[in-house]
Amino acid sequence: MDLLILMQDRALPLLLLALFLILNVVFVIGIWKRRRHFSKAFLVFASSLAFLLMTSSVILIMFTMFIGYNQ
């Protein structure tokens, strides 16, 4: 199948996962811009959690695009 048709068929899950990915990127940028205000332990925990969530979101996007539900 054409990639564009796959994206159109699965628009809502892809939109939600992409939004979640963008929010995590904004969160990481926000905490690193204000890193002087936070403890080092919080920065490590928050950034590692955000990167884990971003990785899982990318994996779910790939799953939704190529293996996900069939119509």
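In the predicted model, Leu60 is partly exposed, its relative accessible area being 42%. This value lies between the limits of 20% and 50%, and Leu60 is therefore classed neither as buried nor as exposed. Leu60 belongs to helix α3, which spans residues 40-66. Gly30 is 30 residues away from Leu60 along the chain, and the C-alpha atoms of the two residues are separated by 24 Å.

The backbone oxygen of Leu60 takes part in a contact with Thr64, a polar atom of whose side chain lies 2.8 Å away. Thr64 is likewise placed in helix α3. With a relative accessible area of 10%, Thr64 is buried, since the cut-off for burial is under 20%. The backbone oxygen of Thr64 is in turn reached by the side chain of Arg10, at 2.9 Å.

Arg10 is located in the loop that lies between α1 (3-9) and α2. Its relative accessible area is 6%, and Arg10 is therefore buried, the limit being under 20%. Between Arg10 and Ile22, which are 12 residues apart in sequence, the C-alpha to C-alpha distance is 18 Å. Ala11 is part of helix α2 and, at a relative accessibility of 40%, counts as partly exposed.

Helices α2 and α3 approach each other to within 9 Å, as judged from their axes, and the axes cross at roughly 160°. Because angles over 145 degrees count as roughly antiparallel, α2 and α3 are roughly antiparallel to each other. The crossing in which α2 passes α3 is left-handed. By class, the contact of α2 with α3 comprises 21 nonpolar and four polar residues, and no charged residues.

The largest nonpolar core consists of five residues, namely Leu6, Leu14, Leu17, Ile61 and Met65. At least two residues of this core are supplied by α2 (11-33), and at least two by α3. In soluble globular proteins, nonpolar side chains tend to be buried together.

Definitions and conventions
Residues numbered from 1 in each chain as written. Predicted model: local features only at pLDDT ≥ 70, side-chain atom pairs only at ≥ 80, totals over all residues. Heavy atoms only, no water. Helix = DSSP H or I, 4+ residues; strand = E, 2+ residues; numbered from the N terminus. Buried < 20%, exposed > 50% of the residue type's maximum accessible area, 1.4 Å probe, protein only. Core = buried A, V, L, I, M, F, W, Y, C linked by side-chain atoms within 4.5 Å. Axes fitted to C-alpha atoms, helices over the stretch in contact; angles between N-to-C directions. Parallel < 35°, antiparallel > 145°, perpendicular 65-115°, else oblique. Left-handed = near helix turned anticlockwise from the far one by under 90°. Nonpolar A, V, L, I, M, F, W, Y, C, P; charged D, E, K, R; others polar. Polar contact = N/O pair within 3.5 Å; in protein donor to acceptor, adjacent residues only side chain to side chain.
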